[in-house]
Amino acid sequence: MSKQEPKIAISGKSGCGNTTVSRLVAEKLGLRFINFTFRTLAQEMGLTLEEVLKKAKDDEWWDREVDRRQVELARQDGGCVLGSRLAIWMLPEADLKVYLKASPEVRLERIYKREGGDRAALASFTAKRDRQDRERYLRLYNIDNNDYHFADIIIDTDHMEPEGIAELIIRTLRKKE
């Protein structure tokens, strides 16, 4: 690994802790935090996340724009923590690639705490979104986001708090230095 500030890529599906953990790692290491997502693009354009997801289903521009912008930000000078669904695939030069996973039940509970609403509707929406995301990633980039074996570290977040996950990532990074 280079002596420059590290570039860390953190991926996982919704509810696995990507954003929270990525932000924590960036803060602890004094690095830029990059989390440019469909949600960010939706806010920029005055649309709901659901509207963007519906458009993205039939129009590659949405995925390509989110991915282009996040990678462009990550490749700027200096270290960073890129937290996104495809970070570990889209930033192959990252000094550390982290995949966060969690059971569907834990993911649902976290999403419910974050967004509220009806649990059954959220479970259905999340399962549908997972399927649509995987289909799009395969079509657009030939990336199977269920195949993350190449990550430097895979963390099951079911029984861990964000602080502990962040510390584990930082310890792993330091071992690589």
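This is a predicted model: local features need pLDDT of at least 70, side-chain atom pairs count only at pLDDT 80 or more; totals for chains, interfaces and linings use all residues.
How many aromatic pairs does the count come to? The count comes to four aromatic pairs.

**Aromatic rings**

A pair of aromatic rings is described by the distance of the centres and the angle of the planes. Two of the pairs involve Trp89, and the table gives their values.

| Pair | Centre to centre | Angle between planes | Class |
|---|---|---|---|
| Trp89 and Tyr99 | 6.3 Å | 80 degrees | edge-to-face |
| Trp89 and Phe150 | 5.6 Å | 70 degrees | edge-to-face |

Trp89 belongs to helix H5 (residues 87–90) and Tyr99 to strand S4 (residues 96–101), so their pair ties together parts 10 residues apart in sequence. The pair of Trp89 with Phe150 links distant parts of the chain, 61 residues apart. Phe150 sits in the loop between helix H7 (119–141) and strand S5 (153–156).

Phe150, by contrast, is partly exposed because its relative accessible area is 32%, a value between the limits of 20% and 50%. Together with Tyr148, the residues Trp89, Tyr99 and Phe150 are linked by ring pairs into a cluster.

Another ring has a charged neighbour: Arg119 lies over the face of Tyr112, 3.7 Å from the ring centre.

**Nonpolar cores**

In soluble globular proteins, nonpolar side chains tend to be buried together. Here the largest nonpolar core has 20 residues. Those with the most contacts inside it are Ile8, Ile10, Val25, Val98, Leu100 and Ile169. Strand S1 (7–11), helix H1 (18–29), S4, S5 and helix H8 (162–176) each supply at least two residues of this core, and H8 gives the most, with five.

Which residues does Ile169 touch, leaving aside those up to four places away in sequence? Ile169 touches Ile10, Val21, Val25, Leu96, Val98 and Ile155.

**Cysteines**

Cys80 counts as buried because its relative accessibility is 0%. Cys16 is also buried, at 3% relative accessibility. A disulfide is a covalent bond between the sulfur atoms of two cysteines. A search of the whole structure finds zero disulfides.

Conventions:
Residues are numbered from 1 along each chain as its sequence is written. Side-chain values use heavy atoms; hydrogens and water are left out. A disulfide is a pair of cysteine sulfur atoms within 2.5 Å. Buried means under 20% relative accessible area, exposed over 50%, partly exposed in between (1.4 Å probe, protein chains only). Rings of Phe, Tyr and Trp (its six-membered ring) pair if their centres lie within 6.5 Å; planes under 30 degrees apart count as stacked, over 60 as edge-to-face and the rest as tilted. Helices (H or I, at least four residues) and strands (E, at least two) are DSSP runs, numbered from the N terminus. A charge sits over a ring if NZ of Lys or CZ of Arg is within 6 Å of the ring centre and within 35 degrees of the ring normal. A nonpolar core is a set of buried Ala, Val, Leu, Ile, Met, Phe, Trp, Tyr and Cys residues joined through side-chain atoms within 4.5 Å. Contact means heavy atoms within 4.5 Å.
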